[in-house]
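Dear colleague,

Please find the structure below, together with its sequence. My notes on helix packing, confidence and charged pairs follow it.

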Amino acid sequence: MSNLQQRVISAIVLAVIVLGLTWLGGPYFRLLSAAIGLAMFYEWSAMSRSAANAPYQWLAAGLLTLVLLLLVAGFPAATVLLALAAAVVVSAIVAAIGKQGSWNTAGLAYAGLSGVSLALLRGADKSGLVAILFLFAVVWATDILAYFVGRAIGGPKLAPAISPGKTWSGAIGGTIGGLIAGLAVAVLAGSPHLGLMVPVVLFLSVVSQIGDLFESWVKRRHGVKDSSHLIPGHGGVMDRVDGLVVAALALYVIGTAFGGAENPASGLFPL
């Protein structure tokens, strides 16, 4: 089977699974979010694994697993977030005592916030469904338009030391595409905050591209092309969700300001 065939088949399977679990929401989407978080930490750890820090990686992995179990079980947002904060603090203290630096702790925070923010943003109601579809539209449109516009126009590089293929034309094209897609979803959903949605979409589009660059930096730091080979033809989970999870955290924070930590989507999409 060619690499292109693997990519197409993997993309179709992933799309069906992700959209299906997104539609179901509740414990089903929480389980998906937890799986994403665990996979991200596995890839983060695999890229930096050594005999010296292996015990500290196992500790961080155990702490992350406990937090995500609370998430899947449906504990309140405050409990899950406090547990994650405590896990990060414990990991940081143990790493400092062992003179291991902050890399494992950073991976715990990155993967934990990614899984938790996705799950809490979706929730179990219609507002959460719209919020996640809104997020998907912005991030996916940004990613697709950035690729095609960048290839068609080219021009100055966005961050050549981190990701040589990305251009300013692609970044601008992606942002415009994300704006159109995000506003389309907001209009179709009947959001009463269309004026607010313009800066929100622009912010999410930019943040998702920063998330993409961050993951590229992590891979370059460890001299790898893909975060892993978990997804045939696509590389790793981090390769596929790098922009999405950072944008999800940003949207969760914004939603919390309007609807609270427990149901952030209701403040943005009161349906």
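Helix H3 (residues 54–72) and helix H5 (residues 103–122) have axes that come within 10 Å and cross at roughly 15°. H3 is therefore roughly parallel to H5, a term used for angles under 35 degrees. Axes here are lines fitted to C-alpha atoms, for helices over the stretch in contact, with angles running from 0 to 180 degrees between N-to-C directions. Helices (H or I, at least four residues) and strands (E, at least two) are DSSP runs, numbered from the N terminus.

The crossing of H3 past H5 is right-handed (the near helix is turned clockwise from the far one by less than a right angle). On the H3 side, the contact (heavy atoms within 4.5 Å) includes Tyr-56, Ala-60 and Leu-64, and on the H5 side Leu-108, Ala-111 and Gly-112. By class, 11 of the contact residues are nonpolar, four are polar and none is charged. Ala, Val, Leu, Ile, Met, Phe, Trp, Tyr, Cys and Pro count as nonpolar, Asp, Glu, Lys and Arg as charged, and the others, Gly among them, as polar.

This is a predicted model, in which local features need pLDDT of at least 70 and side-chain atom pairs count only at pLDDT 80 or more, while totals for chains, interfaces and linings use all residues. Residues are numbered from 1 along each chain as its sequence is written, and side-chain values use heavy atoms, with hydrogens and water left out.

The protein chain has a mean pLDDT (the predictor's confidence in each residue, from 0 to 100) of 90, and 95% of its residues reach 70 or more. Among its elements, helix H4 (residues 77–97) has the highest mean pLDDT (96) and helix H1 (residues 3–24) the lowest (81).

H5 also packs against H9: their axes come within 8 Å and cross at roughly 65°, in a left-handed crossing. The residues in contact include Tyr-110 and Leu-113 of H5 and Met-238 and Asp-242 of H9. This contact has 12 nonpolar, two polar and one charged residues.

Three salt bridges are found in the whole structure (a side-chain nitrogen of Lys or Arg within 4 Å of a carboxyl oxygen of Asp or Glu). One joins the side chains of Lys-166 and Asp-212 (3.6 Å, N to O). Lys-166 lies in strand S2 (residues 163–167) and Asp-212 in helix H8 (residues 194–222), so the pair ties together parts that are 46 residues apart in sequence.

With kind regards

Note on methods. Parallel < 35°, antiparallel > 145°, perpendicular 65-115°, else oblique.
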